[in-house]
Amino acid sequence: MEDEQLTFDISEFPNSYYEKKGDFLKYNGKVTAKYTFYNPADYKVTAKLVFPFGCYPEYGPVEYDEKNQICKRIDDTAKFDIKINDKEIKKTLRHTLYYSENVFDIHNEMSMISDGFIKDDFYSPELSVTKYVYEIGGVDKKLYNREVAEIEIPAFDGKRRYCLEQSYGFTTNDKGNTRIGVDAENGEEVEFYVIGEPVKDLPKWKFYESGSNESKEIKGEMKLKSTSKMTFKEFALAKLDKNGQILESDWYNIIVELYKQATVENSGFIFISVYDTGERLKSLLRWYEYEITLDPGEKITNTIEAPMYPTIDESYNPSIYKYNYLLSPASTWAKFGNLNVDINTPFFMTDSNQDGFTKTETGYNFKSNGLPEGELRFTLCESEKPKRKNPILGTYILWYFLFIFLKVLPIVFVVVVIVIIGRVLTKRGRK
């Protein structure tokens, strides 16, 4: 890579909430990366490239499909292109599970991208999954209000794992057995999954007054309503939007990684709630995947456009907008030349992790001979010096009035007691 030109066009800030997808799609903040590649070899080179450009923003609208119980994201990448020598080429949108924008390991993240279903020591597309649907009943709600239903599952034996997405928590013992439970509400259905070799005998459910370890056992019934079988591939793809942007293989691999990270250590239990699954699946890193071909001695220009979404920090007045661009993927090239960064914006840059930005007529500029260390992070704001809001002040005021109240309360109490005693004595005197 002889050189890289990064151009950020940020003429507006996104809203913190979008009700209509049309309004969201009008947002035009973007980054354009222009690379010059050179093939010094005496043979033709074809390379598959991946370009990570961030996660779908939290403020991006989501359409909920009630029939299939899945969330659909808005396709915001159709208006962006990848070009070779100014000619548009085909790109594929890829997704991987990603947790933190503050820590990015290119080798670890790239290992999540696979051309097919990822290979794992336990999970495979053909792995058997058995689904048990129970219905809770027989709990005396007049006597208790925190009752739970619990089962104990054995330690992981290499043959099967268990999943109960409605579980509120778990405890483990020295043998690796795991006690898991759900809130016991009459009429509620519970879905219990055995992933792997089916069990001969199902774990026995017991009911307790509460989730406490010292809670007393109570009466209750967990009635088995249905049993069904499927493959792990069918199980993993059940919540995939078939007409959406995420590839089937990417979604499968995301679920495998999700379940591996949610498995309790030395246990066969996968502790992940329906809510937690939904929240984690929002944090998907998006990539462009495409191919380039260079003949011996050929030089090409590769241009990539992608949306640029900041995170919004509303603890300042006015709000500040934090942008994060991943530079570290360029470290995988055999050689990296010069980097030039232009930020075209009418707003003020209030912070940056890279020293050396200079003010220009159109915004800001940064130059580097070679690839700088770390990613590129900068903050923009409508004001040159935004002021942090002071939520602590409200807390101080609250504590002040509480302090006054607690000091005055005993005095008020004494006065009230004296008045009552005085009235009682007055009444006695009248009698």
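## Reading the terms

A residue counts as buried when its relative accessible area is under 20%, as exposed when it is over 50%, and as partly exposed in between (1.4 Å probe, protein chains only). With that in hand, let's look around. The model is predicted, so local features need pLDDT of at least 70 and side-chain atom pairs count only at pLDDT 80 or more, while totals for chains, interfaces and linings use all residues. Residues are numbered from 1 along each chain as its sequence is written, and side-chain values use heavy atoms, leaving out hydrogens and water.

## The whole protein

The protein has 6 helices and 29 strands. Both are DSSP runs numbered from the N terminus: helices are H or I with at least four residues, and strands are E with at least two. Of its 431 residues, 42% are buried. The accessible surface is about 25200 Å², and carbon and sulfur atoms account for 50% of that; such areas come from the Shrake-Rupley method with a 1.4 Å probe, and for residues only the protein chains shown count as cover.

How much of the contact list joins residues at least 24 apart? Among contacts between residues at least 6 apart in sequence, the share is 77%. Contact here means heavy atoms within 4.5 Å.

## Strands side by side

Strands of a sheet pair through backbone hydrogen bonds, either parallel or antiparallel. In this report, two strands pair if DSSP finds at least two bridges between them.

Cysteine 163 takes part on both sides: tyrosine 193 stands opposite cysteine 163 in S14, and isoleucine 270 is the bridge partner of cysteine 163 in S18.

## Pairs of opposite charge

Side chains of opposite charge can pair when their charged atoms come close. A salt bridge is a side-chain nitrogen of Lys or Arg within 4 Å of a carboxyl oxygen of Asp or Glu, and the whole structure holds 18 of them. One of them joins lysine 48 and aspartate 115 at 3.3 Å, N to O. This pair links distant parts of the chain, 67 residues apart: lysine 48 sits in strand S3 (residues 45-55) and aspartate 115 in the loop between helix H2 (106-110) and strand S9 (128-137). Lysine 48 is partly exposed because its relative accessibility is 44%, whereas aspartate 115, at 65%, is exposed.

Another salt bridge brings together glutamate 197 and arginine 160 (3.6 Å, N to O). Glutamate 197 lies in the loop between S14 and S15 and arginine 160 in strand S11, so the pair ties together parts 37 residues apart in sequence. Glutamate 197 is partly exposed at 40% relative accessibility, but arginine 160 is buried at 12%. Salt bridges that share partners also join Arg94, Asp250 and Glu289 into one network.

## A buried glutamate

Now find glutamate 375, in the loop between strand S27 (363-369) and strand S28 (376-381). Glutamate 375 is buried yet has no salt bridge, and the nearest side chain of opposite charge, arginine 377, is 5.7 Å away. For charge, Lys and Arg count as positive and Asp and Glu as negative; His and the chain ends are not counted.

What does the side chain of glutamate 375 make a polar contact with? One partner is the side chain of serine 328, at 2.7 Å. A polar contact is a pair of N or O atoms within 3.5 Å; within protein, one must be able to donate a hydrogen and the other to accept it, and residues adjacent in sequence count only if both atoms are side-chain atoms. The backbone nitrogen of leucine 327 also lies 2.7 Å from a polar atom of the glutamate 375 side chain.
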